[in-house]
Amino acid sequence: MNQSLQTIPLLNLSIAFIPALLTLVILFKWSLSASNGLYAIARMLIQLMLIGYFLTYIFESDSSGIVIFILAIMVFSSSWIALGTVSENRLRLYKYACISISVGGGFTLALISQGVLVLDPWYSAQSMIPIAGMVFANAMNSVSLAAERLTAEIGRDIPYNEARKIALHSSLIPVINSLFAVGLVSLPGMMTGQILSGVSPLIAARYQIMVMCMIFGAAGISTACFLVLVKPVFERRRAAAAASSIDPM
């Protein structure tokens, strides 16, 4: 178990694009948005190449200020992206998404980094930033699903408390499914990466347990906070819609 992870040559890496290109062909043949998929792949390439160089600098700088700045960017960006499913209310709901992801993700990140991993120093960039990425990304996805489903249910004139329950349940389906599937259907990213790096599967399993609890907690807490905070916004909209539907005498 001591074989180190090999560096992938660029020529070999190009082979990984074959399934992606086949998917783009399928999208084009079925008259779907192949251009959007192509843009997504191109953006992914640029972002990952840039972040590779950027993270090298951050890891070497050993600065708490830079780490905190990066965490803030993660929160602000994830909050904005999360509301892409409800673009018409994006600005109105943005502050609530920021607060929710900060509370749920921040609490989970602090607990994991300082209570489980006990990072030294506490801002250790090489551990803090990848973990924060997982935490905030999963919180973002759940808030996004909840916002879309809540808007849809309110649009169907479902009472808010009932719509909130439906939205929370729907937002957690992907995370809960991943909890069911881990170890049986899939070996998730962290565990796979550690095993490929030569770490014992027993140790890798511990880290993956930490990750699964982390993403479930961050998603659930962030989404619940969001659904509680946005209640006045949606109730005002519903009241305004009801008032406008009454014919003037």
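Analyst: **Aromatic pairs and their helical setting**

Trp-80 has a relative accessibility of 35% and therefore counts as partly exposed (buried is under 20% relative accessible area, exposed over 50%, and partly exposed in between, with a 1.4 Å probe and protein chains only). The structure is a predicted model, in which local features need pLDDT of at least 70 and side-chain atom pairs count only at pLDDT 80 or more, while totals for chains, interfaces and linings use all residues. Residues are numbered from 1 along each chain as its sequence is written, and side-chain values use heavy atoms, with hydrogens and water left out.

Two aromatic pairs are found in a search of the whole structure (rings of Phe, Tyr and Trp, the last by its six-membered ring, pair if their centres lie within 6.5 Å; planes under 30 degrees apart are stacked, over 60 edge-to-face, and the rest tilted). Trp-80 and Tyr-94 form an edge-to-face pair, because their ring centres are 5.8 Å apart and their planes stand at 75°. Since Trp-80 belongs to helix α4 (residues 64-82) and Tyr-94 to helix α5 (residues 90-116), this pair ties together parts that are 14 residues apart in sequence (helices are DSSP runs of H or I, at least four residues, and strands runs of E, at least two, numbered from the N terminus). Tyr-94 is likewise partly exposed, at a relative accessible area of 22%.

Trp-122 and Tyr-123 also pair edge-to-face, given centres 5.4 Å apart and planes at 85°. Trp-122 is partly exposed at 42% relative accessibility, whereas Tyr-123, at 16%, counts as buried.

Helix α5, which holds Tyr-94, has a kink of about 25° centred on Tyr-96 (the bend at a residue is the angle between axes fitted to the seven residues ending there and the seven starting there). Just after α5, Val-118 adopts a positive phi of about 50°.

Helix α6 (residues 125-155) contains Thr-151. Thr-151 has 16% relative accessibility and so counts as buried. Apart from neighbours within four places in sequence, Thr-151 contacts Val-86, Glu-88 and Phe-234 (contact means heavy atoms within 4.5 Å).

Elsewhere, Phe-17, Ala-20, Leu-24, Leu-27 and Phe-28 of α2 meet Ala-34, Gly-37, Leu-38, Ile-41 and Leu-45 of α3. The residues of this contact comprise nine nonpolar, one polar and no charged (Ala, Val, Leu, Ile, Met, Phe, Trp, Tyr, Cys and Pro count as nonpolar, Asp, Glu, Lys and Arg as charged, and the others, Gly among them, as polar).
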